[in-house]
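Welcome to this short briefing. Please take a look at the sequence and the structure below, and then we will walk through a few features together.

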Amino acid sequence: MTATTTLPAIELKSVGKTFRVSGGILGKDRRVVAVDGVSFAVPPGGVLGVVGESGCGKSTLARLILGLLTPDSGDIAVEGQRIVDMDRKARARLIQPVFQDPFSSLNPLTRIRDIVAMPLQAQGSFSRAEIAKRVDEMLERVGLPGEMGNRLPAELSGGQRQRVAIARALVLRPRIVVCDEPTSALDVSVQAQILNLLAELRRDLGLTYLFISHNLAVVEHVASEVAVMYLGRIVEKKPTQALFHQPEHPYTKALLASVLTPEPGLGVPDVGLGDVMPDPANIPPGCRFHPRCPIAEPRCSTETPPLRPRPGGGVECLLVP
Amino acid sequence: MSALLDVERLEVGFGGRTSAVRGASLTVERGETHCLVGESGCGKSVTALAIMNLLARGGHRTAQRLTFQGEDLLKLDDRGMARLRGNAMAMIFQEPMTSLNPAYTIGSQMTEVMRRHKKVSQRVAIDRAADLLGQVGITAPGLRLGQFPHQLSGGLRQRVMIAMALMCEPQLLIADEPTTALDVTVQAQILRLLAQLQRDLGLGLLLITHDLGIVARIAHRVSVMYAGEVVESAATAQLFADPKHPYTQGLLRCVPVPGKQRQDEPLGSIPGTVPRIGPGFEGCGFRDRCTFADATCAHTVPHQTAAPGHDYLCRLAP
């Protein structure tokens, strides 16, 4: 075996990102806190699942790690290198994205082969023969028949398009892949195919994933650790088994309760979150989850919950010991 | 008394090349939630649109029977259908952003339906709209009525769509993937609301989804659709306890269940995708993806009954 590095594949230290949103001609500008003091490390070959609702900052987190956004505070390192210091080509060889919607993330006028070849061409150091060979290998690897390469995205089903997006992400043989809701736009049956493919590729190629989803049930199958995000903060993070078997944060419990398993007779659960939606432009004082928390106490609206450490992570709630 | 909605051997074709629905039959009783489940492209949305006579240009429907409250929908002209739609039969679509008009307030869109169908004043319509927004769990209905769709979150917009569909006290509500675009937490809230309204108002609800997790929790009866046919139909508990069609079995294996999976085992999946089928197709539409398929599946597919009210289309013995 070659010497393995002990550096984390991805490491975040107190990362923050705030956006300024125009309030219009008369309104005041609003500050939207997307990511607020997030720290974690993903070991090489690990899969961190990040779960939360729309607006919790999980996509901003993905863009920060990919180097598409610059953090306002804190540091992001990928394999020990600060992502903001790397040039684009080097970054592309190391870390690649797979996005949610395979209908809008593929250029409709470009043939599948050319879509997959793009990252290789952008490097400028591969011969045409080598590009063709790698593209063929990659299409086969993700389960697309070779003749598919000459088609346009519109001729493919949603699942096939997501396979193209995965092929494009892996063709440069990156070490880390950031998957942002890769199956949310797909049917359940196709979702299972894509999750299995991602799991298989990770094992065979030794990849590290950051895997983002709003559905805890989806994350369980691929992730080794899970972080639950709420309004820009990670409120609970644990190894996957521990999170599913001993969820502690009331928000994690609500997310778990909202998974509809195919068990007739149970009815639709009352998740107990009310109809107040979280607003990242207006973060509540104290525990930011308290307006929706079914077990909140008066002190939750004034005191900031401390991080209570747990093996492989921790939980931020005033009401857990 | 006849069923609220009775569809028998519905066929929908597009320009003589694609058969989107091939002889599908289903009924919705008063006070019943019937789920129509299947993958993208199986014909479930087209079935709903054909019932409402809202097929896109080039679409053509025929059926042996298509009745609503005993009235023959096939004989109704456009005006006759327009009298029913949004009135006694209403529909909710998947994407609440594209089905609400961005240029009009919630209030004006909600009252329009009622003022068109019932002879009521704007005052009465506004009161009803505010009352319904309250019923679907929206706080401060008065404020929401004056707002535009973009000022609402996805979950709130879907609640508005539901309230709007209820304006004229429909007997039948058709909901096409009403929660697919939403977060799981909001999905649970919306489905809970639909189930409660269905029960309280005695609605017939035809719910279209691709997720058997949703079906299990909300349906009284299920029809599984594949390649334009209803391949299996049964009462919910019966279908989940004893699925007969290989496609139904495959769909069930695909639903991830927290705490019940092993990391090293692949999730159940159905390889391949729904085929496009043209007129003159013979045999079982699922045979290319089916592990039990043999040569006979290319010819006739028997219609079998596993138990009273549990029918399926497959050669496999019950």
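A crossing of two helices counts as right-handed if the near helix is turned clockwise from the far one by less than a right angle, and left-handed if anticlockwise. By that convention, the crossing of helix 4 of chain B and helix 5 of chain B is right-handed. Please keep in mind that this is a predicted model.

**Helices 4 and 5 of chain B**

- Helix 4 of chain B covers residues 106–117 and helix 5 of chain B covers residues 122–135; their axes come within 9 Å and cross at roughly 115°.
- On the helix 4 side of chain B, the contact is made by B:Gly107, B:Met110, B:Thr111, B:Met114 and B:Arg115, which meet B:Gln122, B:Ala125, B:Ile126, B:Arg128 and B:Ala129 in helix 5 of chain B.

**Chain B as a whole**

- Chain B holds 11 helices and 13 strands.
- For 318 residues, a compact globule would have a radius of gyration near 20 Å, and the 20 Å of chain B agrees with that.
- The C-alpha trace of chain B spans about 65 × 50 × 35 Å along its principal axes.
- Of the 318 residues in chain B, 49% are buried.
- Taking contacts in chain B between residues at least 6 apart in sequence, 65% join residues at least 24 apart.

**Where chain B touches chain A**

- Contacts between the two chains involve 43 residues of chain B and 41 residues of chain A.
- On the chain B side, the elements giving two or more residues are helix 8 (184–201), helix 9 (212–218), helix 10 (236–241) and helix 11 (246–254).
- Helix 8 of chain B provides the largest share of that side, with 8 residues.
- This side of chain B divides into 21 nonpolar, 17 polar and 5 charged residues.

**A:Arg163 and its helix**

- A:Arg163 sits in helix 5 of chain A, which runs over residues 158–170.
- A:Arg163 counts as buried because 25 other C-beta atoms lie within 10 Å, and the cut-off is 20 or more.
- Beyond its neighbours within four places in sequence, A:Arg163 is in contact with A:Val142, A:Gly143 and A:Leu144.
- From A:Arg163 to A:Pro291 there are 128 residues in sequence and 40 Å in space, C-alpha to C-alpha.
- Helix 5 of chain A has 13 of its 13 residues buried, so the helix is largely enclosed by the rest of the structure.
- At 1.5 Å a residue, the 13 residues of helix 5 of chain A should span 18 Å, which agrees with the 19 Å between its end C-alpha atoms.

Note on methods. Residues numbered from 1 in each chain as written. Chains lettered and ligands numbered in written order. Predicted model: local features only at pLDDT ≥ 70, side-chain atom pairs only at ≥ 80, totals over all residues. Axes fitted to C-alpha atoms, helices over the stretch in contact; angles between N-to-C directions. Helix = DSSP H or I, 4+ residues; strand = E, 2+ residues; numbered from the N terminus. Contact = placed C-beta atoms within 7 Å. Buried ≥ 20, exposed ≤ 12 C-beta atoms within 10 Å, placed from the backbone. Expected span 1.5 Å × (residues − 1). Rg over C-alpha atoms; globule rule 2.2 N^0.38 Å. Nonpolar A, V, L, I, M, F, W, Y, C, P; charged D, E, K, R; others polar.
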